[in-house]
Amino acid sequence: MRTFGVKRAIHAPRCEVKPSSRTVHAGRELGARSPLAPDVSPASVHVFTDLDDYDAVARGEKPGYYYGRNSNANREMLERAVAELEGAEAGVATASGMAALYAAILALAPRPATILATRELYGGTAALLRQDLEPNGYEIHFLDLTDLDAVRRSVQGAGLVIAETITNPLCRVPDLEAIASMARERGVPFLVDNTFATPLLCRPLDLGATAVMHSATKYLGGHSDLVAGVVVGDAGLIAAARARVARTGTPLGPFDAWLALRGLRTLDVRMRRHSENSLALARALHGMRGVVRVYHPLLEGGNRLLAHGSGGMMAFDLDGGREAVQQMIKRFQLVTFAASLGGVETTVSYPEITSHRSMSAEERAELGVGPGTVRVSVGIEDPDDIVADFAQALS
Ligand SMILES: Cc1ncc(COP(=O)(O)O)c(C=O)c1O
């Protein structure tokens, strides 16, 4: 039985339960007369009658909330839930995945340092590193994190390593455990973007990562109806990230936190179905007209880091480039084109103008992302319907 342990329980479970059960309950403790679903708490400020009481709450010595930019009940439930699922001491929820990433990077490397980042990085992350951190003295080295010799050569002297559990868009899986061990030996913090895998399929902290971030906009929320981010790690790191989030005014709003927690409750059933459907589509796409290459984390066989499935992300190359992709999109009857992922609906995106638009054509080509590359976020519809829609759109 695979059960979830927490390094130091911030919200101790009453009994040891499996991940799917924990997903349903994490982040909340119910007492007599508690609402079964949480209330939304939109208040921007709470009132006090005692100055010492306010002081203690503001210092974090007493539970409670005082000002919405610093603390909020709905945000706290989501933070606790994600921390619990990732096996972390604490978490902080932010207005977007990018805000989470920025807070995490600055908590881990507050002063200019060399950042090693996976070459095949979400384009928005690459843009943040280049356009916001590089001009402020950070040195950014992009490298292929699946090449462990290259990591070994570069990690010495680095101030931070950033990886994605499953790379975007070609769905490769770097050996997080080996990278974490090299980073730890040299005292270099290791940040993992676990957006594509979620804590149900991979827990990077268990593999030695220092901190984990999510775009909760994707699978954690799961319904394409919110924008949110979460960072989890040890209590000291998260305190630093939380303080920066409060100072820079990028916390998650109460209703989005409420929605994200509601989405999280069904994460287990969704991820199982996403995983089955993406593998079914990847196998079927192989034989379809114009498909020259299919990318899926588990198509070639199992991966020990993703023992329970890989979720809904996959990609393929279509002969005929942009024109062929446009034709396919026009013919879809069920699938839609959308510049996001992780929702219950099957969507395709076109990295050239969506996730990787901030890169030059040469940079994309170096990664293997060409004009025929299509990324698919496979939803939870019936797999036969998904496969049939691709088959007719490509026929
Ligand atoms: C892997 C990954 N990380 C981070 C982000 C940024 O998240 P957000 O759009 O919630 O800011 C995205 C967005 O697409 C993503 O795909």
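Me: Which residues line the largest cavity?

Reply: Good place to start! Keep in mind that this is a predicted model. The lining of the largest cavity is made up of Arg 69, Asn 70, Arg 75, Glu 79, Val 92, Ala 93, Arg 242, Val 245, Ala 246 and Pro 251. Helix H3, strand S1 and helix H9 are the elements that each give two or more residues to this lining. H9 gives the most, with three residues.

Me: How many cavities of 30 Å³ or more are there, and what volume does the largest cavity have?

Reply: Searching the whole structure turns up one cavity of 30 Å³ or more. The volume of the largest cavity is about 30 Å³.

Me: Now for pockets. How many residues line the largest pocket, and which lie nearest its centre?

Reply: A pocket is open, whereas a probe inside a cavity cannot get out. Here the largest pocket has 27 lining residues, and those nearest its centre are Gly 60, Ser 71, Glu 76, Glu 79 and Arg 242. The pocket holds about 720 Å³ of space.

Me: Which helices and strands supply at least two residues of that lining?

Reply: Look for helix H2 (51–58), helix H3 (73–86), strand S1 (90–94) and helix H9 (235–248). With six residues, H9 gives the most to the lining of the largest pocket. By class, this lining has 12 nonpolar, six polar and nine charged residues.

Me: Let's turn to the ligand. How many residues surround the ligand, and which are the closest?

Reply: There are 13 residues around the ligand, and the closest are Gly 97, Met 98, Asp 193, Ser 215 and Thr 217. Sorted by class, this shell contains five nonpolar, six polar and two charged residues.

Me: Which ligand atom lies 2.6 Å from a polar side-chain atom of Asp 193?

Reply: When you look for polar contacts, search for N or O atoms that lie within 3.5 Å of each other. In this model, a nitrogen atom of the ligand is 2.6 Å from a polar side-chain atom of Asp 193. On the backbone side, a polar atom of Gly 97 is 2.9 Å from an oxygen atom of the ligand. Likewise, a polar backbone atom of Met 98 lies 2.9 Å from an oxygen atom of the ligand. As for cover, the ligand taken alone exposes 390 Å², and the protein buries 91% of that.

Me: What describes a pair of aromatic rings?

Reply: You need two things: the distance of the centres and the angle of the planes. The whole structure has five aromatic pairs. In one of them, the ring centres of Tyr 54 and Tyr 66 are 5.6 Å apart and the planes lie at 85°, so this pair is edge-to-face.

Me: What is phi of Arg 33?

Reply: Phi of Arg 33 is near 70°, which is a positive value in a residue other than glycine. You will find Arg 33 in the loop between helix H1 (19–25) and H2.

Definitions and conventions. Residues are numbered from 1 along each chain as its sequence is written. This is a predicted model: local features need pLDDT of at least 70, side-chain atom pairs count only at pLDDT 80 or more; totals for chains, interfaces and linings use all residues. Side-chain values use heavy atoms; hydrogens and water are left out. A residue is near a molecule or strand if one of its heavy atoms lies within 4 Å of it. A polar contact is a pair of N or O atoms within 3.5 Å; within protein, one must be able to donate a hydrogen and the other to accept it, and residues adjacent in sequence count only if both atoms are side-chain atoms. Accessible areas come from the Shrake-Rupley method with a 1.4 Å probe; for residues, only the protein chains shown count as cover. Ala, Val, Leu, Ile, Met, Phe, Trp, Tyr, Cys and Pro count as nonpolar, Asp, Glu, Lys and Arg as charged, and the others, Gly among them, as polar. On a 1 Å grid over the protein atoms alone, a cavity is a set of points where a 1.4 Å probe fits but cannot get out, and a pocket is an open set with protein on both sides within 12 Å along at least five of seven lines; lining residues have an atom within 4 Å of a point. Grid points are joined across faces, edges and corners, and a volume is the space filled by probe spheres set on the points. Helices (H or I, at least four residues) and strands (E, at least two) are DSSP runs, numbered from the N terminus. Rings of Phe, Tyr and Trp (its six-membered ring) pair if their centres lie within 6.5 Å; planes under 30 degrees apart count as stacked, over 60 as edge-to-face and the rest as tilted.
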